[in-house]
Amino acid sequence: MEGASSQRFIGRGSHKGKGLAVFTSGGDSQGMNAAVRSVVRMGIYLGCKVYFIREGYQGMVDGGDNIEEANWSSVSSIIHKGGTIIGSARCMEFIKREGRLKAAFNLVTRGITNLVVIGGDGSLTGANLFREEWSSLLDELLANNKITKDQREKYKHLHIAGMVGSIDNDFCGTDMTIGTDSALHRIIEAIDAIVSTAYSHQRTFIMEVMGRHCGYLALVAALASEADQVFIPEDPVPNNWVEKLCKRLAQERKSGQRLNIIIVAEGAIDREGKPITAELVKKVVVDNLQQDTRITVLGHVQRGGSPSAFDRILGCRMGAEAVMALMEASPDTEPCVVSLDGNQAVRLPLMECVRRTKAVAQAMADKNWDLAVQLRGRSFARNLETYKMLTRLKPPKEAFDASGKPAEGLTLAVMHVGAPACGMNAAVRSFVRNCIYRGDTVLGIHDGVEGFISGNIVNMDWSDVTGWVAQGGAFLGTKRTLPGDKKGEIAARIKQFNIQGLLIIGGFEAYQAGLEIYEARAQFPEFCIPLVVIPATISNNVPGTDFSLGSDTALNEITEICDRIRQSAQGTKRRVFVIETMGGYCGYLSTLAGLAGGADAAYIYEEKFSIKDLQQDVYHMASKMTGGIQRGLILRNEKANDNYNTEFIYRLYSEEGKGLFTARMNVLGHMQQGGSPTPFDRNMGTKMAAKCLHWLVETIQKGPANAPDSACLLGIVKRQYKFSPLEDLKAQTNFAQRIPKQQWWIKLRPLLRILAKHESTYEEEGLYMTVEQGEIDSENVI
Ligand code: ADP
Ligand code: ADP
């Protein structure tokens, strides 16, 4: 179900005096710090008295120094750190009522009646129980003269909001838990490293990844690394797996593949429920094939390292939403868990989500695998399906005739238009393999429109695209050239090669090229073929989609560079960095990297700013510096304003900061494109290309492609993959600035300001934030 959205006014200081505490519990994960920071700052912004509770429930039970009032700067410089700065623990005492009684006493005596819990389903269950018992716990404390009648009355309601921090992505109700994306980054980094060494030898690598009962990490890592086999708990391998695995590995070696990768989830089992361990798989491979086989157990590396941009932003968004949920709660509001539904932060009933999470475990215990996969949710099932399709070893026989030629397949072509972006290669690989699997002929058009015109078009084979997923850039070659007055030549090539459907992967130019071809259909009947665009650009400025391929990689790249730049100034006294990002007129990278990097401001074209705003920001920076902050980070999009350019802003800060801080300027160039695609970009490319093929085939079957809906762009819109006719997108496009007229992420800008403001030197009235209402995925409810 799609949720409704509305505007909400958030007044500075509007919840004065409310006591709010945040704690992390259970296993730690990357991004928890971003969430803690966001809770603290949002709470302070609204006027709450905010506390940290250290060491999870243990700190709540023990009280004392474990419960400490937090201020603005206690959460400075933590957003880039892995783990949780306030500590996490498991606590046996809290499971018993005596423990919870002590905890209640510690909260009441500090006036805390709002709790944000960041943890897994165990921690959330504990919080729910605590809330249910709250009244009776207070009665007991009153009866024992531990608290006064006044306190009993004043603090009679406890409100709870949860956020799921776990690398496993094992919680039903949220598409992503905080930490999963970072864990995937760690796994993929490790696999990429192994691939480079293993290539020198002929080897089989077995990697064990975390996920006690959940195969998400293993599955997505397998997709992102072109693994040959994955073992996960939700979809156990068939009984003859040994035979099948050996056949596959032997066949691949014979066809020249030097390296095989097998991924085993920690909790992998067979259909009888017996564990499949990395050791067992190794034994199978060594005994049957005598291949050189090595095991890598990643272990805690997966929880470590700096959080990815996505996890930081997720933490920021969820933390703020959790605080708002508490502030808006009435005595009978059910405890909620803040989750991610597609691209929206939503609130869901906590216990319903916990129940469903437990139902997955039950389904697995009952060996009801289909149900387990279904309960995991749509994106899990989608990932599994794509993985299965892509790892089929050989195209099905019936797709070929006696001479080995595709029997009655289609002829489809793929090309890039625009600048290279990470994930383009993954998309081409998936398209090529999906086509071949169906029995189609697939043509790679090199160097975009220019290659199309000159006939640089080649037949692509299954093995041509091996190893492409992990590679940045665009192996097919890409140029910005548009068809323009060369449409006749293109039409001739379409005819010459008998192209029946076309996939264009690229940025704004790809969308424009698609439009040009579509609009010339009346003139060139050859253009009456289905055409589909996959948006791929670091700028994320293509209409019809929330995300473009390559923008996640660029965002991570910028975020890492900002971390390094800040770190470079360690030991230097107060310094402000002014950093220019790419994006054309689109402020996506600046805004999102600003949130992920904990920037003080992000100047963009879409939100006009005057000299007055700049002046206020400079004063604001000065007041932060006087307040003890050592470093400032200002992001500016390359085309934010012609006159207030990066140099101007740098000089402004340099001049006004004299005596208080120094300034430095950095223009981040093409390195923002990134070298190695992130897991998200690899998988987005893989999944989108599979969908595009499906759409092309369906559209071809419908007959001549004349209608607007036969020339589309595939986007991620809120929570769905959506094909939008290029014709319809015209009305949504600002062609002069090459950006969409509406951009979803603009709604995150108030959050960036709230999280960056310290004690302001000027009065602020408050801000508006967009609220989304969520529901549990109806398709998943049994
Ligand atoms: P996770 O939150 O990651 O699932 P655990 O299941 O270990 O991790 O739970 C963390 C802590 O939450 C436990 O150590 C305990 O203090 C508390 N907790 C878990 N389940 C309950 C419960 N049913 N009742 C009370 N407290 C609980
Ligand atoms: P699917 O896209 O098939 O639903 P995924 O498991 O890839 O499955 O992602 C689940 C959701 O989380 C998606 O809605 C996606 O938009 C979001 N998501 C996950 N990782 C990222 C990321 N790094 N950047 C942006 N969105 C992400």
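Biologist: Which polar side-chain atom lies 3.1 Å from a nitrogen atom of ligand 2?

Modeller: A polar contact is a pair of N or O atoms within 3.5 Å; within protein, one must be able to donate a hydrogen and the other to accept it, and residues adjacent in sequence count only if both atoms are side-chain atoms. Here the atom belongs to Asp552. The side chain of Tyr216 places an N or O atom 2.5 Å from an oxygen atom of ligand 2, and for the side chain of Tyr721 the distance to an oxygen atom of ligand 2 is 3.0 Å. Taken alone, ligand 2 exposes 530 Å², of which the protein buries 94% (accessible areas by the Shrake-Rupley method with a 1.4 Å probe; for residues, only the protein chains shown count as cover).

Biologist: On what conventions do these values rest?

Modeller: This is a predicted model, in which local features need pLDDT of at least 70 and side-chain atom pairs count only at pLDDT 80 or more, whereas totals for chains, interfaces and linings use all residues. Residues are numbered from 1 along each chain as its sequence is written, chains are lettered from A and ligands numbered from 1 in the order in which they are written, and side-chain values use heavy atoms, with hydrogens and water left out.

Biologist: How many residues surround ligand 2, and which helix gives the largest share of the shell?

Modeller: A residue is near a molecule if one of its heavy atoms lies within 4 Å of it. There are 15 such residues around ligand 2, and Tyr216, Ser379, Arg382, Lys687 and Tyr721 are the closest. Helices are DSSP runs (H or I, at least four residues), numbered from the N terminus. The largest share, three residues, comes from α13; α13 (378-390) and α22 (679-701) each supply at least two.

Biologist: Which domains each supply at least three residues of this shell?

Modeller: Domain bounds come from an automatic or database domain assignment. Domain 1 (6-177 + 307-363) and domain 3 (399-549 + 677-744) each do so.

Biologist: Which backbone atoms lie 2.9 Å from an oxygen atom of ligand 1?

Modeller: An N or O atom of the Gly120 backbone does, as does one of the Gly122 backbone. Asp121 contributes a polar side-chain atom 3.3 Å from an oxygen atom of ligand 1. Taken alone, ligand 1 exposes 550 Å², and the protein buries 78% of that.

Biologist: Which helix gives the most to the shell around ligand 1?

Modeller: Helix α4 (residues 121-143) does, with six residues.
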